[in-house]
Amino acid sequence: PSALSASWMEELSAMRKSLGISVDDFIVGTVGRLVKEKDHETLLKAFRKLVQKEMKGKLVIIGAGALNDKLQGLAREWGIEKDVKFLGYRKDVDQWLQLFDVFILSSYMEGLPLTILEAMAAGKPVIATKIGGNSEIVIDNETGILVPCGFPERLETAIMRLYINRTLLTQMGEAGRQLVHEKFSMETMSNQYLKLYQQISSTSES
């Protein structure tokens with residue numbers, strides 16, 4: 001919801017409470033299969049650095065996959081297990097996106113990630129690796145921040161930038177929401193498909 005009602009605020013508060021997240025925790029979130037290509041390990045490394053710098057926040061990871069046990073093991077090994085919440089596979093991703101302050105996609109291989117569009121539609125700034133369809137959706141320094149693959153320090157810097165500058169956080173989130181509405185809404189996509197169909201039809205008739 002663009003304007004959060006009192007009942008929705010209560011729902012978000014209940015979601016936070018269920019995870020042991022306080023109201024002033026900065027929530028870094030990601031959604032995706034727990035597989036090598038998504039490179040959650042780099043995200044964990046970046047978050048560990050942020051915890052060491054005493055950032056007051058939590059990392060929420062939604063998704064299931066072959067690397068679940070390994071990633072949870074790394075969180076324990078690095079002493080950040082209490083600050084990292086593994087939620088597994090969830091059908092209600094759209095609701096959890098509302099809880100995030102910033103959405104992260106640390107993959108080193110992507111096509112056109114729909115999770116980025118969902119996060120932007122929810123008004124969340126996106127920090128993503130500069131690969132595949134990511135750089136086609138995320139406008140660097142406008143709707144989010146693009147970083148190179150496999151560099152936890154660059155990811156850490158980008159997250160800290162938005163953690164410190166909440167005005168920029170809000171501006172990027174709103175810019176992303178507007179971009180999705182203008183370019184990727186059902187109405188816009190339908191109109192684009194209609195124009196394409198008309199072009200094909202006129203070409204085949206000529």
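This briefing looks at how some side chains pair up in the structure above. The model is predicted, so local features need pLDDT of at least 70 and side-chain atom pairs count only at pLDDT 80 or more, while totals for chains, interfaces and linings use all residues. Residues are numbered from 1 along each chain as its sequence is written, and side-chain values use heavy atoms, with hydrogens and water left out.

**Aromatic rings**

- A search of the whole structure finds one aromatic pair (ring centres of Phe, Tyr or Trp, taking the six-membered ring of Trp, within 6.5 Å).
- Phe26 and Tyr163 form this pair, with 5.2 Å between centres and 75° between planes; that makes the pair edge-to-face (planes over 60 degrees apart; under 30 is stacked and the rest tilted).
- Helices (H or I, at least four residues) and strands (E, at least two) are DSSP runs, numbered from the N terminus.
- Phe26 has a relative accessible area of 1%, so Phe26 is buried (buried is under 20%, exposed over 50%, partly exposed in between, with a 1.4 Å probe and protein chains only).

**A charge over a ring**

- The charged end of Arg48 sits over the ring of Trp78, 4.3 Å from the ring centre (the rule asks for NZ of Lys or CZ of Arg within 6 Å of the centre and within 35 degrees of the ring normal).

**Salt bridges**

- Side chains of opposite charge can pair when their charged atoms come close.
- The structure holds eleven salt bridges (a side-chain nitrogen of Lys or Arg within 4 Å of a carboxyl oxygen of Asp or Glu).
- One of them joins Lys38 and Glu110 at 2.6 Å, N to O, linking parts of the chain 72 residues apart.
- Lys38 lies in the loop between S1 and helix H2 (40-52), and Glu110 in the loop between strand S4 (102-105) and helix H5 (114-121).
- Lys38 is buried at 15% relative accessibility, and Glu110 is buried at 19%.
- Lys45 and Glu41 meet in a salt bridge at 3.9 Å, N to O; they are four residues apart in helix H2, so about one helical turn separates them.
- Lys45 is partly exposed at 30%, and Glu41 is partly exposed at 26%.

- Asp83 and Lys82 form a salt bridge at 3.4 Å, N to O; Asp83 is buried at 8%, whereas Lys82 is exposed at 58%.
- Salt bridges with shared partners join Asp24, Asp25, Lys56, Lys58, Lys82 and Asp83 into one network.
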